[in-house]
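Trainee: I would like to go through this protein with you, one question at a time. Can we start from the sequence and the structure?

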Amino acid sequence: MRRRKPPAGAVAKAPEGLPSPLLENWAWQDQAACAEVDPELFFAAESERGLRKHAREVVAKALCRTCPVRRECREHALIVGEAYGVWGGTTEEEREPALHGRRH
């Protein structure tokens, strides 16, 4: 029996830093407290600064504290180098030192 080639454009290997494209590697996201929440809560608008940004992040992080997969989310952000948004209860500024340390 011959093995079939994957269709053109199929992902056979995950990009560097990402887990392989197997469903079980991403299933934790289905349990996330934010699964049905507008993603804008977790990502700053281009013009958002100061108190407005901080207030949004406080609300996002409060939701993260209730999340059963917060650790997995935070680890994902660190592994893949998420540069934007609140992930696993951490902001980009809070993750930056850890990301910087992993690059060297």
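Mentor: A term first: a salt bridge is a side-chain nitrogen of Lys or Arg within 4 Å of a carboxyl oxygen of Asp or Glu. This is a predicted model, in which local features need pLDDT of at least 70, side-chain atom pairs count only at pLDDT 80 or more, and totals for chains, interfaces and linings use all residues. Residues are numbered from 1 along each chain as its sequence is written, and side-chain values use heavy atoms, with hydrogens and water left out.

Trainee: What is the pattern of the protein, read along the sequence?

Mentor: Helices (H or I, at least four residues) and strands (E, at least two) are DSSP runs, numbered from the N terminus. The protein has four helices and zero strands. Read in order, the pattern is α-α-α-α.

Trainee: How far apart in sequence are the parts that glutamate 92 and lysine 53 tie together?

Mentor: Glutamate 92 and lysine 53 form a salt bridge, with the closest N and O atoms 3.2 Å apart. Glutamate 92 belongs to helix α4 and lysine 53 to helix α2, so the parts tied together are separated in sequence by 39 residues.

Trainee: Is lysine 53 buried or exposed?

Mentor: Buried means under 20% relative accessible area, exposed over 50%, and partly exposed in between (1.4 Å probe, protein chains only). Lysine 53 has a relative accessible area of 16%. Because of that value, lysine 53 is buried.

Trainee: Which residues are linked with Lys53 in a network of salt bridges?

Mentor: Glutamate 93 also meets lysine 53 in a salt bridge, at 3.0 Å from N to O. That pair links helix α4 to helix α2, 40 residues apart. In the network, Lys53 is joined by Glu57, Glu92 and Glu93.

Trainee: Which helices hold lysine 61 and glutamate 94?

Mentor: The side chains of lysine 61 and glutamate 94 form a salt bridge of 2.6 Å, N to O. The two residues are 33 apart in sequence, so the pair ties together separate parts: helix α2 for lysine 61 and helix α4 for glutamate 94.

Trainee: What kind of aromatic pair do phenylalanine 43 and tryptophan 87 form?

Mentor: Rings of Phe, Tyr and Trp (its six-membered ring) pair if their centres lie within 6.5 Å; planes under 30 degrees apart count as stacked, over 60 as edge-to-face and the rest as tilted. One pair is counted by this rule. Phenylalanine 43 and tryptophan 87 lie 6.2 Å apart, centre to centre, with 80° between the planes, so by the rule the pair is edge-to-face.

Trainee: Which residues are closest to the centre of the largest pocket?

Mentor: A pocket is an open set of points on a 1 Å grid over the protein atoms alone, where a 1.4 Å probe fits, with protein on both sides within 12 Å along at least five of seven lines; lining residues have an atom within 4 Å of a point. The volume of the largest pocket is about 340 Å³. Of its 19 lining residues, the closest to the centre are Ala32, Cys34, Phe42, Cys73 and Trp87.

Conventions: Grid points are joined across faces, edges and corners, and a volume is the space filled by probe spheres set on the points.
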